[in-house]
Amino acid sequence: MPLSRRRSPHHWHRIFNGSILGISSAASWVESIASELDLPASQAFAMQVCLEELMSNIVRYGRSPSTPWPQIDSKNTLSISVTVTSLADRITMTIEDNGRPFDVAQAPGKVIDEPLCKVQPGGLGIHLIKSFADNLTYSRTKTGNRVIVEFTD
Amino acid sequence: MERPQKSKRRLLADIGKLEKPMNLEIADLENGITKITLSGRLDVEGALKIDGEFNAIAERSKKVLVDLSDVTFIASLGIRTLITGAKATANNGGKMVLLDPQPNVEKVLRTSRVDTVMPITHDSAAIASVFGA
């Protein structure tokens with residue numbers, strides 16, 4: 001039976017490896033939460049888009065051999081913490097990582113705005129995050145980055 | 001004490017396995033059209049899985065129809081796969097057309113303005129005309 005969203009807030013929290021397998025695991029986990037909450041398909045999909053793009057950015061750019069971020073330990077372990085909170089009128093998804101600083105909220109989004117022959121594939125993720133999230137906030141933490149994404153009813 | 005039963009969905013989530021991994025099938029249609037049918041999630045993992053085969057087909061074909069009706073999710077890396085393939089087909093003097101994406105997938109495509117560089121159609125009966133045949 002779906003959880004009632006009118007009750008007190010519910011929280012789910014897990015930590016994933018900063019890897020492609022970690023992204024897939026997180027996607028399945030968030031999908032199961034959306035199912036448990038019986039969220040509308042469009043809202044569940046929006047959560048998936050933001051989760052995928054945010055985690056993908058962290059995995060691809062969170063560590064760089066040329067400029068290693070000191071918060072990643074000697075084994076170069078990148079980890080991503082995901083917390084989903086269900087409130088009466090919205091869902092929040094908090095994603096924290098120990099990677100290099102990157103303010104996704106201030107980063108410019110990109111869309112395809114040239115003919116096919118001139119389009120450079122890639123780089124569309126930030127625009128998708130900002131389009132599918134109802135609100136997006138970023139803050140630096142002692143160990144890395146925190147992004148809070150809101151999805152309103 | 002009896003352990004509570006977990007749902008199939010929860011079990012899949014626990015072991016980190018998505019329900020529908022990406023799959024690619026090819027078929028030759030009339031009028032020289034090569035149909036690529038994709039199914040599953042075109043996410044990071046899915047895009048990496050099909051990139052090589054998708055681009056190889058796109059490079060050697062002039063009319064590529066990509067059936068997206070069984071694609072349940074698409075991420076920016078999935079769009080990258082489509083764009084890279086469409087450029088390869090165009091470099092060969094050809095054209096790529098996207099067929100019948102699900103509403104949420106189509107929303108991602110249109111939000112990114114993919115529709116400005118390759119047509120999206122839901123009319124499988126009019127495919128030949130979309131290719132200009």
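In chain B, five strands form an open sheet of order 1-2-3-4-5 with mixed pairing (strands being DSSP runs of E of at least two residues, helices runs of H or I of at least four, both numbered from the N terminus; two strands pair if DSSP finds at least two bridges between them). The model is a predicted one, in which local features require pLDDT of at least 70 and side-chain atom pairs count only at pLDDT 80 or more, whereas totals for chains, interfaces and linings use all residues. Residues are numbered from 1 along each chain as its sequence is written, and chains are lettered from A, with ligands numbered from 1, in the order in which they are written.

The edges of the chain B sheet are strand 1 (23–28) and strand 5 (120–121), each of which pairs on one side only. Strand 1 of chain B runs antiparallel to strand 2 (residues 34–42) of chain B, to which six bridges join it; within this pair, B:Leu24 is positioned opposite B:Leu38. Helix 2 (residues 44–60) of chain B packs on the sheet, touching strand 1, strand 2, strand 3 (63–74) and strand 4 (95–99) of chain B. The direction of this helix makes about 170 degrees with that of strand 2 of chain B, where axes are lines fitted to C-alpha atoms, for helices over the stretch in contact, and angles run from 0 to 180 degrees between N-to-C directions.

In chain A, strand 1 (residues 10–17) and strand 2 (residues 79–86) run antiparallel and are joined by eight bridges, with A:Ile15 opposite A:Ser81. Strand 2 of chain A is in turn joined by seven bridges to strand 3 (residues 90–97) of chain A, also in an antiparallel arrangement. A hairpin of three residues connects strand 2 of chain A to strand 3 of chain A, and A:Ser86 stands opposite A:Ile91. A:Asn98 lies in the loop between strand 3 and helix 3 (125–132) of chain A. A:Asn98 is buried because 23 other C-beta atoms lie within 10 Å (buried denotes 20 or more such atoms within 10 Å, exposed 12 or fewer, and partly exposed a count in between, with C-beta atoms placed from the backbone).

A:Asp38, which follows helix 1 of chain A, has a positive phi near 55 degrees.

Between the chains, 33 residues of chain A are in contact with 29 residues of chain B, contact being defined by C-beta atoms, placed from the backbone, within 7 Å.

Residues up to four places away in sequence not being counted, B:Val66 touches B:Ile36, B:Leu38, B:Leu82, B:Met96, B:Leu98 and B:Leu99.

Definitions and conventions. Contact = placed C-beta atoms within 7 Å.
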